[in-house]
Amino acid sequence: MKLFVSEGNPHCVKVLAGLEVTGVKCDVQLVSHEERVVPFLNRPVLPVLLLPSGQHLFSPNAICQYLFEVVGKEASDGSNQLLEWEATELQPAVLQALHMLVLQGKSGEAGTVLKGPLGWLEQYLSKRTTPFLTEETVAVADIVLWAALYPILSNSTFEAGELPSVRDWFKHVSQLPACEAAVQRVLQGKGLDALKNFLQKQPAPHIQRRDSPSSANGTETEDSELMMTEEEVEVAAQAWSKGLPDCSDSTQKKHPILPQEGKRNVLVTSALPYVNNVPHLGNIIGCVLSADVFARYGRLRGWNLLYVCGTDEYGTATENKAREEGLTPQEICDKYHAVHSSIYKWFQIDFDYFGRTTTEQQTEIAQDIFWRLHERGYLLEDVVEQLRCENCQRFLADRFVEGVCPHCRYPEARGDQCDKCGRLINAVELKEPQCKVCQQTPEIRSSKHLFLDLPKLEGELEQWLEKSMGSGDWTVNAKHITRSWLRDGLKPRCITRDLQWGTPVPHPDFSDKVFYVWFDAPIGYLSITANYTSEWEKWWKNPQQVELYNFMAKDNVPFHSVVFPCSLLGAQDNYTLVNNLVATEYLNYEDTKFSKSRGVGVFGDMAKDTGIPSDVWRFYLLYLRPEGQDSAFSWADMALKNNSELLNNLGNFINRAGMFVSKFFEGHVPEMVLQDEDKRLIAQVCWELKQYIQLLDKVRIRDALKCILNISRHGNQYIQVNEPWKKIKGGDDDRKRAGTVTGVSVNVACLLSAMLEPYMPTVSQTIRDQLQAPAHCARAMLYADRGFLCSLSAGHRIGAVSPLFQKLESEQIEALRKRFGGQQVPSSTVNSAQPKPPAAAAPAVNASVSAADPERAKQLAAAVAKQGDKVRALKAQKAEKSVVTAEVTKLLELKKELALAEGKNPEPSPQKGKKK
C-alpha cells in the first residue's frame, strides 16, 4: 500500500494519525497539493491510499476506517454515527472557521460558526464515562474528530467558550505519540500558517446549516444570518429582476421515454417490493418514495429521466401466501399487484412504468443472461445441503428459516443474511434453525444446484466498483456493506432453487428447478423496462449514455452492488451498471418493528384511512428519512412537525403572502422597488435554493427539505420585521414599502411551490393554482441552475387564497397511536432478540400484584428513562401542551407497568387539584 499526503493539508493529519495508531505497514509519499494521484478524477484530491488491488481510497474518513479494519478494529455503530456527523456537520463548519481564522483573521466569527457543532460534542462527551468517544481505547472516531478539530482547538486565538469535556478529550487524544507525530509531519511546527497555501487553493466555503444529531427530533431553530458580500447580494437581485425566461420545452411526458443524444439520460429504479407483502412506511420511504422525489426533481431539472419499478412475484413467499389464501400463485400475484399499485398511487408515486416480474420478457431475458454466463464459464455445479421441513413437505427457501447467526449470535438471522452483522449465510450454517411456517426443526438434505462463480469475477468487479464509487454517489452504508463483502472474500453463490413458482432454468440437467429469486429479481428491472418499451436495450445496454440510480434499503445492497453486477459483467453484453447506489437505514415504528400480524405500525393500505393527506405523510417520512442511521416514526413527533413546520412555518408564510395581495392590493401583485433588505432576502433565498440543488444532485433528500423550511423561516421573519399590515395604513412611502414586501414575499411563495413539487406534489400544485402562477415557473427556476427569479411580476392577478394545512389535534393523534399500537407493550420494553410466547401479553394496569419479574423490570426501567428523556426534550422545545400531555400519559402508563413488574402496587396517576 502507498499513502499520498501533502504538507499543510489538514485532512492528511487524520490519515497519518490513523496510520501511526494502527501500525499498518504502508509507504508514505509526500506530494504537492496539485498532484493528480487518482487518474480518473478531473481534479487533484489528497490524501489518497493506493491499495494492493490498484483501487484508490480518497476520502480521509474512508482511509482511516480501512486502516482500523485492517488490524481488526471495525467501527462500532456509535463510531459510524460520529463519522457521519463529522463528514456532514463538523467538517463543513471547520473549513468555514479555518477560512475565517487563517485567511481573514476573524477568530470571533470562527467561534460563532463552530458554536453549534462544538456545543453538541460537549453535550455528547459530558454524558460519557469512557476516556474516548465510544470506548475505553482510542477508536477511528477519536482520530477523525480530533484531527478535524486540531487546527482550531490548538490555536490560542480561537474563542470557543467553556468546553471542559471537549478540552479534556482533545488533550487526551493530542498526547498520543501517533497524533503528535502526524501533526509535526503535516504542520511542520508552523501552526495555522502551515495551512495558508492549502486553504487559498480551496473555494470559499459557506456555512452549512443542517441539523445536528441532537436536534433531529426537535423543532427547527432559526439559522444565524448568512454572511454574503455586497457583490453577491447585488448579483442575486439583478438575476431575480430579469424575471422568467421563455420556456419552450414541454413538461408533458412523451412515451416511450428513450435516451437522447446530448441530454442527461437518467434511469431510476427502486427495489422491487415483494408482491405478497403489503408495504409499510419503512418500505415506502426506503425505496419508492425516495426514488420518486429524486425522479420528480430530475424532471424539473430538465433531465431525460425514466423511473421504473414493479412487484417481485416469484419465490416461496408467493407459494406460501397462495396456500394460506387458497389461491394459485398467479392469482395471489394479480391480487397483491393491484394492492401495491393502489397504495403507490395514493402516495403519488409517479412511476413512468410500474410492472411485474411474472412476464414472458422476464423469462426470456433471465434465461439469456443465464446462457451467456454458462457459455463463458461463470457457472459451477455442486451438491448443496439444504434445509427441508418434513412437516411442510418442502425445501425451505432462505427467508423461511430463522436461527442463530453463526457469526454474531443474533437469534433472528434469516437463512440468507443476518440483519444485524450484514453477513451472508447459507441456511444450513444457522444454529438452532426453525421453519418459519410451522416452527419445527428442519432436516439437512442434499440437492444438485448451479452457482455463479463470484470469485472468478471478483477482479473485474473490484475494478468496476472503484470507478463507480469514485465517480458516482454511493451512500456511506452502501460503500461500507460492499467493502465488507469484498474484504471477507467472495464465494460462489447458488442461483437455483427446488421450487415450482419461478423462472424455469433452461438447462436440461436442471429442468426441475427455478432461478433463485436474488438472481432472478434484479433482472426484473430489465424485463419491466422491456414491457414498457421494445427498445429497452437503449436504456440497459447503453452505459456510455445512461446514468443508473438504484434506490433501496440497506439489506438489499449486496445483491445490487455485488451479485447482480457480477451477473451482468459475466454476461459480457455491454449492460448498464449502477452508477449511484442510494441506500437508507431502517425506519422503525415508535422504536419497535412494523408487524402486520401484531397490528403494529402503519401499512400502506391503512395510511389513507387516517384522514391525514398523502402529502403530509410524504413530508414527515422524508423529514425523518433514515439516511445516516436508523430513525423511528412517532405519532407525537408527526403532530409536532405538522403543526410547527407545515402549519406555523411553511403554511403560515405562504398564506400570509397571498392574503396580503388579496386584502391590500385587490388580488394584484404590487409594484416592487427593492431596497437593501429586500435584496438580502433574495440573496439568502438564492443561497438556500443553490444548497437545495446541490443536495438533491447528491441525493441528500432529507437535508434538501430543510432548505425549503429555512426559506419560509426567512420569509416569516422578513414579513414580521417589515409589518406590511401596518405600513399599508401609512403614507405613500409606507404603502409602497408594504407593496414591495408583499410582492417579494408572494414571489418567494411561488419559488417554494417549485421546490416543494418533488416532496409534496399536491400542495405544490395547490400553491401555484392559488397564485395562478405560470405553468412553467417551477421548471424555469430549477432548470440549468437559473436560480430564484421574479415569476409573478407587478400587475399579475392571483386567485383565491386558502390555508394549505390543518392542525393535527392531540386527541386525533392519540387515537391513531392506540389504533396502530397492537397489543404489545411499548417497544422499548421488549427485547426483540428473544422469542415471546403468545400468552405474554402486557399486564393490565389494574391487575393484582404478581411475583416480581426482574428481567422485565429492567426492560421497563430503560423504557421509563427513555420516555422521560422524550418528555423533557418536548418541554425544552416548548412543544404544544397537547403533544406533551400525550407523551406524559405514556410515561405514566410505563411507570405503572414497571411497578407491576417489580411486584409492587402501581401508584395511581397523580391528580391535579386545588392547593389547600
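This is a short tour of a predicted model, going from one selection to the next in your viewer.

**Stop 1: the nonpolar cores**

Start by selecting Ile369, Trp617, Trp635, Tyr692, Tyr759 and Phe788. In the largest nonpolar core, which has 187 residues, these are the ones that touch the most other members. Leaving aside its neighbours within four places in sequence, its contacts include Tyr297, Ala704, Cys707, Pro758, Tyr759 and Leu782. Next, select Val94, Leu98, Trp120 and Ile143: they belong to a second, separate core of 67 residues.

**Stop 2: a helix with a buried face**

Select residues 177-187, which form helix α7. Which of its residues are buried? Colour Ala178, Cys179, Ala182, Val183, Val186 and Leu187, and you have them. Then turn the view to look down the axis of α7: the buried residues fall within an arc of 135 degrees, so they line one face of the helix. What do the buried residues of α7 pack against? Show α1 (10-22), α5 (140-153) and α6 (164-174) to see those partners. Before you leave, click on Gln188, which follows α7 and has a positive phi, near 55 degrees.

**Stop 3: a buried threonine**

Go to strand β5 (residues 265-270) and find Thr269. Is Thr269 buried or exposed? Its relative accessible area is 0%, so Thr269 is buried. Show side chains here, and you can follow a polar contact of 2.7 Å from Thr269 to Asn550. Not counting residues up to four places away in sequence, Thr269 also touches others, among them Ala291, Tyr307, Val308, Tyr525 and Trp540.

**Stop 4: pairs of rings**

A pair of aromatic rings is described by the distance of the centres and the angle of the planes. Take Phe370 and Trp371: the ring centres are 5.1 Å apart and the planes stand at 65 degrees, so this pair is edge-to-face. Phe370 has 0% relative accessibility and counts as buried, while Trp371, at 30%, counts as partly exposed.

Compare that with Tyr525 and Trp540, whose ring centres are 6.5 Å apart and whose planes are at 10 degrees, so the pair is stacked. This pair links distant parts of the chain, with Tyr525 in helix α17 (residues 523-532) and Trp540 in helix α18 (residues 537-540). Both Tyr525 and Trp540 are buried. To finish this stop, select Tyr589, Phe594, Phe603, Trp617, Tyr620, Phe633, Trp635 and Phe820, a cluster linked by ring pairs.

**Stop 5: strands side by side**

Switch to a cartoon view and select β8 (residues 379-389) with β13 (residues 443-452). These strands run antiparallel and are joined by 10 bridges. Leu379 stands opposite Leu452 in β13. Strand β13 is also joined to β14 (residues 493-494) by two bridges, again running antiparallel, and here Phe451 stands opposite Cys494.

Last, look for an open sheet of three strands, in the order β11-β10-β12 with antiparallel pairing. β11 (413-414) and β12 (431-435) each have a single partner strand, so one side of each is left without a neighbour in the sheet. Two bridges join β10 (residues 401-404) to β11. Which residue in β11 is the bridge partner of Glu402? Click on Arg414 to find that partner.

Conventions
Residues are numbered from 1 along each chain as its sequence is written. This is a predicted model: local features need pLDDT of at least 70, side-chain atom pairs count only at pLDDT 80 or more; totals for chains, interfaces and linings use all residues. Side-chain values use heavy atoms; hydrogens and water are left out. A nonpolar core is a set of buried Ala, Val, Leu, Ile, Met, Phe, Trp, Tyr and Cys residues joined through side-chain atoms within 4.5 Å. Buried means under 20% relative accessible area, exposed over 50%, partly exposed in between (1.4 Å probe, protein chains only). Contact means heavy atoms within 4.5 Å. Helices (H or I, at least four residues) and strands (E, at least two) are DSSP runs, numbered from the N terminus. The arc is that of the directions from the helix axis to the C-beta atoms. A polar contact is a pair of N or O atoms within 3.5 Å; within protein, one must be able to donate a hydrogen and the other to accept it, and residues adjacent in sequence count only if both atoms are side-chain atoms. Two strands pair if DSSP finds at least two bridges between them. Rings of Phe, Tyr and Trp (its six-membered ring) pair if their centres lie within 6.5 Å; planes under 30 degrees apart count as stacked, over 60 as edge-to-face and the rest as tilted.
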